[in-house]
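Please read it with the model open.

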Amino acid sequence: MISILGAGAIGQLLAHKLTEASIDCQLIVRAGTQYRSEWLMIQQEQQTYHEIPTITAQDCDELGQVWVCVKANQLEGALKSVSHAIQDTTKVVFFQNGMGHDKVAAKYLQPAQMYFASNTHGAFKKAAQSVVYAGVGQVSFGHLELSQQPDFLDPETLNAVNGSWHEHIQTVLWQKLFINAVVNPLTAIYQCRNGELLDADKKSNVLSLIAENQRFANTLKLGISDHLKDATLAVIEATAKNQSSMLQDVLNQKTTEINAINGYLLDQAAKHQFPTPHNWRLWSDFHIAHPPLKSIADDKAK
Ligand code: KPL
């Protein structure tokens with residue numbers, strides 16, 4: 001049984017894909033909200049309903065495999081809510097944007113229990129129990145220390161979500177982080193769709209950031225060999241009509257993932273004494289445009 005923690009867009013989408021492939025899964029949801037057993041997935045014109053069981057965090061016991069699909073800033077609270085059900089044998093897969101989640105999770109898990117996933121499926125929530133599957137992508141799974149594919153990520157499970165095992169997930173996560181670190185805050189500052197970042201007035205800013213990120217990637221010897229520009233521009237073009245997740249967060253007055261994405265990048269650059277003036281400028285412009293929300297309580301109330 002795969003337990004998906006978080007019934008946001010990606011959590012719902014993965015639950016649909018697993019259910020479609022007859023793989024047992026359940027959604028771990030908030031207590032106090034009533035859910036119908038049927039969940040809706042909309043892909044182009046097609047509507048598909050699946051019966052997906054739900055369980056509240058407090059009712060969970062003995063979790064075998066958990067896919068954590070909450071936002072980076074909700075990770076600590078989400079893990080805490082199921083900590084009573086986490087055992088030494090529990091395997092946890094993190095789907096968050098950004099990096100550094102292993103440090104947050106260290107309070108609840110051993111490094112050997114932590115797996116990471118980088119997702120490129122596009123999805124957005126239309127209503128509490130309906131998700132729009134906006135773009136077919138894939139999921140890369142891996143472990144920071146173990147290179148061998150574990151038994152629990154069997155071929156059926158990987159196929160169900162268009163997934164594959166990666167021996168060097170760190171490189172995949174860094175590449176996604178470098179892309180998100182450009183697209184997400186810039187779209188939130190300019191309040192534009194991803195594709196508009198290639199407009200003449202914005203493109204030079206995009207290119208300077210990519211060039212700085214490429215230099216930093218080379219310093220880290222990540223194996224992202226000189227293709228960050230192509231990779232970033234390809235994502236911008238492929239998701240041209242999307243509102244980035246960070247733009248959606250600022251428009252909905254929710255806490256963004258800026259710390260887990262750009263904050264992590266800047267911390268790592270400082271640690272390696274690598275100068276990142278363009279990224280610092282971006283960090284500052286973002287915080288001028290979107291000062292941090294007053295408190296987590298405010299965010300939850302929205
Ligand atoms: O991952 C994304 C996000 O919005 O968080 C991109 C790839 C930028 C697509 O919008």
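The points below go through confidence, the ligand, some helices and a few single residues.

1. Basis. This is a predicted model; local features need pLDDT of at least 70, side-chain atom pairs count only at pLDDT 80 or more, and totals for chains, interfaces and linings use all residues. Residues are numbered from 1 along each chain as its sequence is written.

2. Confidence. The protein chain has an average pLDDT of 94. At least 70 is reached by 97% of the residues. Here pLDDT is the predictor's confidence in each residue, from 0 to 100. The ipTM is 0.97 and the pTM is 0.92. Where pLDDT is low, the predicted coordinates should not be read in detail.

3. Ligand shell. Which residues surround the ligand? They are N97, N180, V183, N184, N194, V235, T239, N242, S244 and S245. A residue is near a molecule or strand if its C-beta atom, placed from the backbone, lies within 6 Å of it. The shell has 8 polar residues, 2 nonpolar and no charged. Helix 5 (residues 169–190) gives the largest share of the shell, 3 residues. Helices (H or I, at least four residues) and strands (E, at least two) are DSSP runs, numbered from the N terminus.

4. W174. Helix 5 also holds W174. W174 counts as buried because 24 C-beta neighbours lie inside 10 Å. The cut-offs: buried means 20 or more other C-beta atoms within 10 Å of the residue's own, exposed means 12 or fewer, and partly exposed is in between, with C-beta atoms placed from the backbone. Leaving aside neighbours within four places in sequence, W174 is in contact with A217, L222 and I224. Contact means that the C-beta atoms of two residues, placed from the backbone, lie within 7 Å. V104 is 70 residues from W174 in sequence, and their C-alpha atoms are 18 Å apart.

5. Helix 10, length. Helix 10 (residues 277–289) has 13 residues and should span 18 Å at 1.5 Å a residue. Its end C-alpha atoms are 18 Å apart, which agrees. The expected span is 1.5 Å times one less than the number of residues.

6. Which residues of helix 10 are buried? N279, L282 and F286 are. They cover an arc of only 55° around the axis, so they sit on the same side of helix 10. The arc is that of the directions from the helix axis to the C-beta atoms. An α-helix has 3.6 residues a turn, so residues three or four places apart point the same way. P277, S284 and I288 are exposed on the other side of helix 10. The cover over its buried residues includes helix 5, helix 6 (200–220) and helix 9 (258–271).

7. Helix 1. Is helix 1 mostly covered or mostly open? It is mostly covered, with 11 of its 12 residues buried. Among them are I10, L13, L14 and L18. E20 counts as partly exposed because it has 13 C-beta neighbours inside 10 Å. Not counting residues up to four places away in sequence, E20 touches H50 and A160.

8. Positive phi. Most residues other than glycine have a negative phi, and most peptide bonds are trans. S22 is not a glycine, yet its phi is positive, about 60°. S22 lies in the loop between helix 1 (9–20) and strand 2 (25–29). S22 is exposed, with 8 C-beta neighbours inside 10 Å. Q273 has a positive phi too, near 50°. The loop between helix 9 and helix 10 holds Q273. With 7 other C-beta atoms within 10 Å, Q273 is exposed.

9. Strand 7. D88 is in strand 7 (residues 86–94). D88 is exposed, with 8 other C-beta atoms within 10 Å. I86 is in strand 7 as well. I86 is partly exposed, with 18 other C-beta atoms within 10 Å. I86 touches L63, Y108 and L109, not counting residues up to four places away in sequence. The C-alpha atoms of I86 and D61 are separated by 7.8 Å, and the two residues are 25 apart along the chain.

Technical notes:
Ala, Val, Leu, Ile, Met, Phe, Trp, Tyr, Cys and Pro count as nonpolar, Asp, Glu, Lys and Arg as charged, and the others, Gly among them, as polar.
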